[in-house]
Amino acid sequence: SLALCLIAACPFVRAAESDTPKDVAQLRTMQQKLQEVAKKVIPATVAVQIGAAMGSGVIVSEDGFVMTAGHVSGKPGRKVSIILHDGRRVTGETLGANYGIDAGLLKITDDGKYPYANKGAIDDLHEGQWCIATGHPGGYQSGRPPVVRVGRILAKRDRLIVTDCTLIGGDSGGPLFDLTGNVIG
């Protein structure tokens, strides 16, 4: 595919040999792995609505803590509508933001147990490693599950990960996953 050719030609990506499919069988195996990971992480991906603004996020605990972007969550104490992958709406509250790293936290205030994704560690990542991003481009659309995009880690430094996964408005705050389904960004 053209996307794979462009990624492979990128001078910033130094993929490990084991990361690059060598033949059709390996490409099919990778496709199957991506589908398995997407099935695992989509239930934890949410749409976030604060007033008229829309973003994305990821549930990171069974009791409903949601990580998102700081510019999505904003100041603490704001009421939030969180739309789960199946279209169900629950209420929540913003807990605050760290604008230095554009990270925010929300809490679902409706009682329940929620599907969640485990957090990964940046130390376990390497440049060229495959990853997936999920979110709600253009905002939540009824009947459309979170969109999944495939990409690679282009760089990692301290607490920063650079990827080539394409994101657009509405994806802000959406998660980046490694291929085990751990949240890495």
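Author: Happy to! Helices (H or I, at least four residues) and strands (E, at least two) are DSSP runs, numbered from the N terminus. This is a predicted model, in which local features need pLDDT of at least 70 and side-chain atom pairs count only at pLDDT 80 or more, while totals for chains, interfaces and linings use all residues. Residues are numbered from 1 along each chain as its sequence is written, and side-chain values use heavy atoms, with hydrogens and water left out.

Now to the pocket you asked about. The largest pocket holds about 920 Å³ of space. A pocket here is an open set of points on a 1 Å grid over the protein atoms alone, where a 1.4 Å probe fits and protein lies on both sides within 12 Å along at least five of seven lines; points are joined across faces, edges and corners, and the volume is the space filled by probe spheres set on them. Its lining counts 32 residues, and the closest to the centre are Ile101, Asp102, Arg159, Ile184 and Gly185; a lining residue has an atom within 4 Å of a point. Strand 3 (65-68), strand 6 (103-108) and strand 9 (160-163) are the elements that give two or more residues to this lining, and strand 9 has the largest share, with 4 residues. By class, 18 of the lining residues are nonpolar, 9 polar and 5 charged (nonpolar: Ala, Val, Leu, Ile, Met, Phe, Trp, Tyr, Cys and Pro; charged: Asp, Glu, Lys and Arg; polar: the others, Gly among them).

Isoleucine 101 sits in the loop between strand 5 and strand 6, and with a relative accessible area of 44% isoleucine 101 is partly exposed (buried is under 20%, exposed over 50%, partly exposed in between, with a 1.4 Å probe and protein chains only). Aspartate 102 lies in the loop between strand 5 (89-98) and strand 6. Its relative accessibility is 31%, so aspartate 102 also counts as partly exposed. Its phi is near 50°, a positive value in a residue other than glycine.

Leaving out residues up to four places away in sequence, asparagine 118 touches Gly181, Asn182 and Val183 (contact means heavy atoms within 4.5 Å).

In the loop between strand 7 and strand 8 is proline 137, which counts as buried because its relative accessibility is 12%. Its C-alpha lies 5.6 Å from that of isoleucine 168, although the two are 31 residues apart in sequence. Among the residues that proline 137 touches are Arg144, Ile168 and Asp171.

Finally, helix 2. Met30, Leu34, Val37, Ala38 and Val41 are the buried residues of helix 2. They cover an arc of only 100° around the axis, so they sit on the same side of helix 2 (the arc is that of the directions from the helix axis to the C-beta atoms). These buried residues pack against strand 1 (45-50), strand 7 (130-135), strand 8 (147-157) and strand 10 (176-177), while Arg28, Thr29, Lys39 and Lys40 are exposed on the other side.
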